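Subject: Structure handover

Hello,

Here is the structure I said I would pass on.

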Amino acid sequence: MKTYKIATIPGDGIGKEVVPEAMRVLDTLAELDGNLKFEWEILPWGCDYYLENGEMMPENGLEILKNFDQIFLGSVGMPELVPDHISLWGLLIKIRRGLKQTINIRPAKLLKGLDSPLKNPGEFDIMVVRENSEGEYSDSGGRIHSDADEIAIQNAIFTRKGTERAMRYACDLSNQRSKKVTSATKSNGLSHSMPFWDDVFHDVVADYPSLDQNSVHIDAMAAYMIMKPSEFDVIVASNLFGDILTDIGGAIMGSIGIAPAANLNVSNEFPSMFEPVHGSAPDIAGLGVANPLGQIWTGKLMLDYLGYARLGDHLLEAIEYSLVQGIKTRDLKGQATTKEVTHTIIQYLKTKL
Ligand code: NAI
Ligand code: MG
């Protein structure tokens, strides 16, 4: 029996509602399987913590997190009381960067029982591999002067190490999937960073001769994600491009409340962090109607990463079962509560495993 110590940060808003539900589902799976066990330690960090202590997490927060196998996070943000740049940079980005979670993976897959807003979506199953530590999201730059003379400079930083790491991860992943990888570029418009990106891609794919590979400009790719998403398998993208593509991914699946994500420390030097794409949804927080599927699917990504892909597959099957049964929350035009969705999933797992 293997025990995993999971640092659990429910965070704010609906994070506090969906995280306990996903924990119940993962505990059920672990118990039914009998070979693993989760030991959850709840860390009450986030905006409430900030309002009391003036910081989003304790000063030695990163050191505390290093003692765990993985991190399971809900969502942070209380925009009425704490400015978003404080909540984001004080917790999420601090953890992603401090624990070298350099790769962000986000699937977009049309699950059974889901209605895509696209008229003819076809079947799609995309995995976006997003560079998570540099690129356009750097704090290099500044603002000087004022009024009509004001200047803002925002530098994008692309290193060979960081770029290559994301691309190798994407190629390795394609090898285990349908052997197709697409690089999101924009080397016609960005005359330094993206030709560099293309060069690195060219060098990396040379090591993977069996892969079907191509590069597509990000603007065209945004359109293709809507016109013909089924043509993509693994997509590798820079920090900004990946961020935008994965919101499109969430949208064509039917709701942002479903989309999962993982921030990976690929060398396993520090824990990785698993969190859904959605935020704290203050508009529906406390009502018990948040969609728990994004958080639960995020649990599948954690199981896959820990080496329990078979359990992860069962979990996705259970999610699809709940959708096909029509047990859907409001964001999917259903009437079910958060707990009813979880209940359906747990019952399914108990009869199947
Ligand atoms: P949001 O994702 O919280 O909400 C956008 C819309 O989607 C809202 O109408 C919300 O009700 C709905 N929604 C989101 N998740 C849902 C779910 N599971 N079930 C049903 N409906 C769901 O994004 P928004 O409103 O831009 O941000 C709210 C707060 O969350 C802000 O403070 C923001 O900074 C923070 N945020 C945090 C993230 C994180 O922790 N990773 C990511 C995105 C936003
Ligand atoms: Mg985003």
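Asn-35 touches Met-1 and Lys-2, leaving aside residues up to four places away in sequence; two residues are in contact if their C-beta atoms, placed from the backbone, lie within 7 Å. Asn-35 lies in the loop between α1 and β2 (36-42). Helices (H or I, at least four residues) and strands (E, at least two) are DSSP runs, numbered from the N terminus. Asn-35 is exposed, with 9 other C-beta atoms within 10 Å. On that scale a residue is buried if 20 or more other C-beta atoms lie within 10 Å of its own, exposed if 12 or fewer, and partly exposed in between, with C-beta atoms placed from the backbone.

Before the rest, a note on the source. This is a predicted model, in which local features need pLDDT of at least 70 and side-chain atom pairs count only at pLDDT 80 or more, while totals for chains, interfaces and linings use all residues. Residues are numbered from 1 along each chain as its sequence is written, and chains are lettered from A and ligands numbered from 1 in the order in which they are written.

Ligand 1

The shell around ligand 1 has 24 residues, of which Gly-77, Gly-257, His-278, Gly-279 and Asn-291 come nearest. A residue is near a molecule if its C-beta atom, placed from the backbone, lies within 6 Å of it. Helix α4 (residues 84-98) gives the most to this shell, with four residues. By type, the shell divides into 10 nonpolar, 10 polar and four charged residues. Here Ala, Val, Leu, Ile, Met, Phe, Trp, Tyr, Cys and Pro count as nonpolar, Asp, Glu, Lys and Arg as charged, and the others, Gly among them, as polar.

His-278 is found in the loop between β12 and α9. It counts as buried because it has 25 C-beta neighbours inside 10 Å. Not counting residues up to four places away in sequence, His-278 touches Ser-75, Ile-256, Gly-257, Ala-259 and Gly-294. His-278 and Glu-134 are 144 residues apart along the chain, and their C-alpha atoms are separated by 22 Å.

Ala-281 lies in the loop between β12 and α9. Although Ala-281 is not a glycine, it has a positive phi of about 40 degrees. With 22 C-beta neighbours inside 10 Å, Ala-281 counts as buried.

Helix α9

How far apart are the end C-alpha atoms of helix α9? They are 20 Å apart, which agrees with the 20 Å that the 14 residues (293-306) should span at 1.5 Å a residue. The expected span is 1.5 Å times one less than the number of residues in the helix.

Since 11 of its 14 residues are buried, α9 is largely enclosed by the rest of the structure. Among the buried residues are Leu-293, Gly-294, Trp-297 and Lys-300. The buried residues of α9 pack against α1 (15-33), β3 (70-75), β11 (262-264), β12 (272-274), α10 (309-324) and α11 (338-352). Gly-307, with a positive phi near 100 degrees, follows α9.

Helices α7 and α8

The axes of α7 (residues 218-227) and α8 (residues 239-253) come within 10 Å and cross at roughly 10 degrees. Axes are lines fitted to C-alpha atoms, for helices over the stretch in contact, and angles run from 0 to 180 degrees between N-to-C directions. The two helices are therefore roughly parallel to each other, as angles under 35 degrees count as roughly parallel, over 145 as roughly antiparallel, 65 to 115 as roughly perpendicular and the rest as oblique. On the α7 side the contact is made by Ile-218, Met-221, Ala-222, Met-225 and Ile-226, and on the α8 side by Phe-241, Ile-244, Leu-245, Ile-248 and Ile-252. These residues divide into 10 nonpolar, no polar and no charged.

Other loop residues

Leu-110 lies in the loop between β4 (103-109) and β5 (125-131), and with 20 C-beta neighbours inside 10 Å it counts as buried. Leu-110 touches Ser-116, Pro-121, Glu-123, Phe-124 and Met-253, not counting residues up to four places away in sequence.

His-145 is found in the loop between β6 (141-144) and β7 (151-154). It is not a glycine, yet its phi is positive, about 60 degrees. His-145 counts as exposed, with 9 C-beta neighbours inside 10 Å.

Regards
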